[in-house]
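User: Hi! Could you walk me through this structure? I'd like to start with side-chain exposure.
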Amino acid sequence: MATVRAANDRPTITAALARKLIDTQFPQWAALPLELLDPAGSDHVIYRLGEHLSVRLPRHGGAVGQAQKEFDWLPSPPA
């Protein structure tokens, strides 16, 4: 599995870590394949989970709230 290494003060986020989080928190998706999206962003590591899902993990503390901020500010798709 791939390993993504951020700046020295940032944690290493591996596919093994992403897989462990998925398997323990979302066991219904444990069998789905996991693939690193490359190039990764500077704030998040993103993995594809199966064909329709993604796993987005923050690389640093400042990125933790970004997903909620984007959810709050971006418009909803039309019904």
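Analyst: Happy to! Buried means under 20% relative accessible area, exposed over 50%, and partly exposed in between (1.4 Å probe, protein chains only). This is a predicted model, where local features need pLDDT of at least 70, side-chain atom pairs count only at pLDDT 80 or more, and totals for chains, interfaces and linings use all residues. Residues are numbered from 1 along each chain as its sequence is written, and side-chain values use heavy atoms, with hydrogens and water left out.

User: Great. Where does Trp-29 fall in accessibility?
Analyst: Trp-29 is partly exposed, at 29% relative accessibility.

User: And which residue does Trp-29 form an aromatic pair with?
Analyst: Phe-26. Rings of Phe, Tyr and Trp (its six-membered ring) pair if their centres lie within 6.5 Å; planes under 30 degrees apart count as stacked, over 60 as edge-to-face and the rest as tilted. The structure holds one aromatic pair; Phe-26 and Trp-29 are stacked, 5.0 Å centre to centre with 20° between the planes. Phe-26 is partly exposed too, with a relative accessible area of 34%.

User: Switching topic: is His-44 buried or exposed?
Analyst: His-44 is buried, because its relative accessible area is 7%.

User: What does the side chain of His-44 make a polar contact with?
Analyst: With the side chain of Arg-56, at 3.4 Å. A polar contact is a pair of N or O atoms within 3.5 Å; within protein, one must be able to donate a hydrogen and the other to accept it, and residues adjacent in sequence count only if both atoms are side-chain atoms.
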